[in-house]
Amino acid sequence: MAEKIYQGIGVSDGIRSGIAFIYRREPEPDTNRTVSKEQTEAEAKRLDHAVEQAGQEIDRLIARASETLDSGDAAVIKGQKTFLADPAYCPEMKKLILGRQYSAEKAVREVTDRYAAVFEGMNNRYMQERATDVRDAGTRLLNYLSGVQSSGLSKIDHPVILIADDLSPSDTVQLNREMILAFATRQGGKTSHTSVFARSLGIPAVVGVPEIMEEVADGETLILDGNRGVCVASPEPETRKVYLAKMEEEHRKAELFGRFASRNAQTKDGARIIAAANIGSAADAEDSLKKGAEAVGLFRTEQVYLSTKSLPDENAQFEVYRKVAECFGSKEVIVRTLDVGGDKEIKYLGIEKETNPFLGYRAIRYCLDRKEIFLTQLRAILRASAFGRLAVMFPMISGMQELAAAKTMVEEAKEQLRGKGEPFDESIRIGMMVEIPSAALMASALAKEADFFSVGTNDLVQYTLAVDRGNEKVSYLYDYFDPAVIRLIRLTADAASSAGIPMGMCGAMAGDPLAVPLLVGLGLSELSMAAGSLAQTKYILSRLDTGSCRELAEKSDRCRNATEVRSLLQEYFETEIKEI
């Protein structure tokens, strides 16, 4: 067979070679059938049974996701249980069965399509992605109603490159990493949950390849390049030779980085930089320690709230924070207080829908308004500080008024604990995220009131450049290498240095290899990232000289756009870090 090259979107890096396995779903059952009035009660019971079975299966998937994904990604699967419990979902199906004599299948299809359409019509990209999760839940119900077995992807018993029309989040979480070398799909985009899961699982993946299902045969030899978004079917000998060399180089780098995982992060001239992890649960904490985390730069506590159906009480939160504190011992864990709103929806908190939630009632604004919820969390964090080295960090601080109000709440929580004789770390550090331009511009004043700064580049970029990071039509403008963003980071770093407080970063930029020399040059002392990036970052730091990094940062000040900054950093990489 002649070599065929297919271009898609690379969503998870890595190169793999293997045989293709074409995955096709079972045909959907008849969803147009109606029943007689006498059959409606029995049909409603069929639906109840399917809902119960689907819930049990989701519980099994949640358990699997908790073992293989970080807590933020695993929460996507947990979200499917909320759909099954939503009064606008399954109860609506039962109404159609009893009132309009729909079959259970017809009711599931109609309500699922209607429910998904609501999410698809939203302007927020994150909420649009929830439509896929709804359809996944609907497919599960239809499978149980028709007796169709689950996807069976977890039962593949030989190494393959999986080819599918699309993979749902629950399909992806079942993938056996020993057997699924990589996957390619006809549908999908870079921000879909399936793409995010692939990166979290470390499975190379290419999505958005239109012809691949029709033109690639079962058992055909395939090379998948997740770095470039390319699939090569029936590769010629010369192509195989080229890609074999690339895979050997990939393996060499993995071994090289792995040797640095357990070392302290520092530059070659001895400057100590803390390589920290972003986590969302106790399970994440254990995994990040295994991968070389020297601290936690961001503990996303909203995952504690997302994992429950109602507001977690003080003791429930305390147990989670205590476990993480004990896990890290003398290493610092920076606990971010509840960052809800924006793209993080927790239904039982009762936050009303907003036209522009990213500029609205979220994060510290919500907490300062809902004082009892905030105090409950603060008491739980303070109590856990007696079992390790915790620090408190406030999100979305826009200026002095919010920081002062939040610190006052901490003092109130301390007084409440003192009154009960509860032990806690009296000297616990209190810091803030810098993710709003106004905070960066006021950094000199804020640095006198905070014990540390941590830059959250994900929000800082979208607020500085007025770009919705989830909107694909303007996503080309979303770039943390934009000179405006870098100048705000420098302004913040200079203010922190003058005040004698440390400054870190916990956004996506901190884990970008290209950004590391620049961030060292700007004066950051901690970089917090996904645990999988720690070893590579430690290796890069070992190749750097702080003097040349400062010169690099000064040169970046003269760049006029993100393209020039990238070119500057790429040139530095090629000359100073030759082994990568």
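**Exercise 1. Strand pairing in the barrel**

Task: Which residue in strand 13 stands opposite Phe394, and how do strand 12 and strand 13 pair?

Solution: 
- Phe394 stands opposite Met432 of strand 13. The model is a predicted one.
- Take the strand limits next. Strand 12 covers residues 389-394 and strand 13 covers residues 429-434.
- Their pairing is parallel and runs over four bridges.
- Helix 15 (residues 400-420) lies across both strand 12 and strand 13. Its direction is at about 140 degrees to strand 12.
- Widen the view. Eight strands close into a barrel, ordered 9-10-11-12-13-14-15-16, with parallel pairing. From one strand to the next, the twist averages 30 degrees.

**Exercise 2. A helix pair**

Task: Work out how helix 22 and helix 23 are oriented to each other, and list the residues that meet.

Solution: 
- Locate the helices. Helix 22 spans residues 546-556, and helix 23 spans residues 562-576.
- Read the geometry. They pack at about 160 degrees, with axes 10 Å apart.
- Apply the cut-off: angles over 145 degrees count as roughly antiparallel. Helix 22 and helix 23 are therefore roughly antiparallel.
- Their crossing is right-handed.
- List the contact. Helix 22 brings Ser548, Cys549, Leu552, Lys555 and Ser556; helix 23 brings Leu568, Leu569 and Tyr572.
- Sort these residues: five are nonpolar, two polar and one charged.

**Exercise 3. Helix 7 and its end**

Solution: 
- Helix 7 covers residues 193-201.
- Buried here means under 20% relative accessible area. His193, Thr194, Ser195, Phe197, Ala198 and Leu201 are buried.

Key:
Residues numbered from 1 in each chain as written. Predicted model: local features only at pLDDT ≥ 70, side-chain atom pairs only at ≥ 80, totals over all residues. Heavy atoms only, no water. Axes fitted to C-alpha atoms, helices over the stretch in contact; angles between N-to-C directions. Helix = DSSP H or I, 4+ residues; strand = E, 2+ residues; numbered from the N terminus. Parallel < 35°, antiparallel > 145°, perpendicular 65-115°, else oblique. Left-handed = near helix turned anticlockwise from the far one by under 90°. Contact = heavy atoms within 4.5 Å. Nonpolar A, V, L, I, M, F, W, Y, C, P; charged D, E, K, R; others polar. Buried < 20%, exposed > 50% of the residue type's maximum accessible area, 1.4 Å probe, protein only. Pairing = 2+ DSSP bridges.
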